[in-house]
Amino acid sequence: MVSDFGSRRSCGALRASDEGAVVELNGWINRRRDHGGLIFVDLRDRDGITQIVFDPKQPAFADAERLRHEDVLRVNGTVRKRPIGTQNAKLPTGDIEIGVDRVDVLNRSLVPPFAVNTDDDVEENLRLEYRYLDLRRPRLQRNLTIRHRIVKAMRDYFDSREFLEIETPMLIKSTPEGARDYLVPSRIHPGSFYALPQSPQLLKQILMIAGFGRYMQIARCMRDEDLRADRQPEFTQVDVEMSFCTQDDVLEIMETCMRHVWHEVLGVHLPPFPRLSHAQALERYGTDKPDLRFGLELTDVTQIFAHTEFVVFASVVRASGAVLALRYPGGAALSRRDFDALAEIAKGHGAKGMVWVSLDAGGPKSSAAKFIDAATAELLREAVGAENGDAILLFADARGAAASVAGKMRAEIGERCSLRHPGDFAFAWVTDFPLFERDEESGLPAPAHHPFTAPGEGQWDLIDTDPMAMRAQHYDMVLNGFELGSGSIRIHKPQFQRRIFEMLGLTEEQIEQRFGFFVKALDYGAPPHGGMALGIDRIVMLAVGETSIRDVIAFPKNQMARDVMMDAPTSVPESLLRDLALRSAAPVPRPQGGAQ
């Protein structure tokens, strides 16, 4: 765009080839330097930074003396090369500067509560309270720019594969999917509620019944659940569903999508994703979302202790439990106090205890030296592939409990040994999950994924005899120890879907009340179909090397699920509650002071 004072350019666009051009720049003051004759200002916008120079001979110099950080300027001037020796190789615009002819101060700024022109650490709630300032900082500008490019690459990819992006509603029926729904009261229908979607699950399946064949959506979802670093009450996922597909078809589509995204946005070529069964993942890594950036696989050493006199291990062996070993590279350098601290971490993960064996040149040492002699230590060394200078950590418990603790400690050792580099990307598939898991409260079978997941081939016969042994056509994509998303082949025959609901203890009345619309749709020729959803927030978090999804979301909630910038949630006037036929059960604050 050309104004009366030159062509409008961004603060990251100008180069030495633009020398002599008369331009207009708009942006914020990133830095101001008074060199006792000339005033230098770094002007910043989303695109970059350009140095502008105020000369005392120009009328604009008087305005420059009153400028401060984060003031908003419009600048008109001429592009010129910087003097030899003053170039800034760190900036794309570092070979040029703007000699200012005119400056308009479009707005003044208060002194920010933290430095905006750096990525120095700032207490998170302060950052979130002043999120509009935090979002000006280089790190978040970069993160949200990459997020945009990742989402665009996804849309382009699915469009090239003939998927249609179809929006599904935000106000839907409450159909429990494992987490609590956010409910929205209806003013027009007093006493009735919509739910905000935890996912478009049933609606995308209905789109397959409707004959659309290939659906995708960048979907907003809400779940009222406890927060962690990689969780938010509202989140975004790329949601996909296909008709007439196999599990391999879905895995091929989703894997190719991620390889396309990584290549287009990050310039990284990903190799084919390895596939692990759920059982293999637990056996080798102690988790169904293993971090494959490093090895350190778990080793079952139960047989080494089959005849041990060590009471702790012997009782585990008699109870058909397991003794699992984990190699700690370089761990022989740890002191007994270090090992004690490590054992406390293991206990925090649920371990009943931890035995260690240190392999140094002077011979093995152990916290259970009375029962682990040199011969036993040598058997352990061979089993786990350890070397002199390493240590071996041992965990004994019921097999699942021992694997869970050992898997968490594997991640701890990977961090301590700097094996989990954020610039490495180790994708994998985990397949063949159980169809059911045991509900901790009722003891009854509950869906391991959701109740619309189809069992594997030949598994239906087990539903009446051994449902807990049934395997599902369910698959997870994992990256660097995080689950990016889950998917499954769906149940498409109504009689089988009803049977699963009955298996879960739902009565006919409950099935009709909660899922009647969906089961009815299955009665009208539902095709075989399946799909998947991947969490965009987690994808971007890992792509840019962050550790919290709050740093890749423009306006996240804090760890207490509050928006501290807008101060939400808040109470609302009683008149609004009356309009919705609601009454607050929260205690009314008592007035402070005066008569009560």
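Buried means under 20% relative accessible area, exposed means over 50%, and partly exposed lies in between, with a 1.4 Å probe and protein chains only. The model is predicted, so local features need pLDDT of at least 70 and side-chain atom pairs count only at pLDDT 80 or more, while totals for chains, interfaces and linings use all residues. Residues are numbered from 1 along each chain as its sequence is written, and side-chain values use heavy atoms, with hydrogens and water left out.

Glu546 has a relative accessible area of 11% and is therefore buried; Glu546 lies in the loop between helix 14 (536-544) and helix 15 (574-579), where helices (H or I, at least four residues) and strands (E, at least two) are DSSP runs numbered from the N terminus. The side chain of Glu546 makes a polar contact with the side chain of Arg139 at 2.7 Å, a polar contact being a pair of N or O atoms within 3.5 Å, of which, within protein, one must be able to donate a hydrogen and the other to accept it, and residues adjacent in sequence count only if both atoms are side-chain atoms. Beyond its neighbours within four places in sequence, Glu546 is in contact with residues including Arg142, Asn143 and Asp551, contact meaning heavy atoms within 4.5 Å.

Strand 22 (residues 474-479) has 6 of its 6 residues buried. In a regular strand the side chains alternate between the two faces of the sheet. Here His474, Asp476 and Val478 point one way, and Tyr475, Met477 and Leu479 the other. Strand 22 pairs with strand 19 (residues 427-431) in the antiparallel sense over 5 bridges, two strands being paired if DSSP finds at least two bridges between them, and Tyr475 is the bridge partner of Thr431. Strand 22 is also joined by 6 bridges to strand 23 (residues 482-489), again antiparallel, with His474 facing its bridge partner Ser488. These two strands form a hairpin with 2 residues between them, and Asn480 in the turn has a positive phi of about 55°.

Tyr475 also belongs to one aromatic cluster with Trp262, Phe273, Phe425, Phe427 and Trp429. Rings of Phe, Tyr and Trp (its six-membered ring) pair if their centres lie within 6.5 Å, with planes under 30 degrees apart counted as stacked, over 60 as edge-to-face and the rest as tilted. The structure holds 17 aromatic pairs; among them, Trp262 and Phe425 are edge-to-face, at 5.4 Å centre to centre and 80° between the planes. Trp262 lies in helix 6 (residues 247-266) and Phe425 in the loop between helix 11 (399-416) and strand 19, so the pair ties together parts that are 163 residues apart in sequence.
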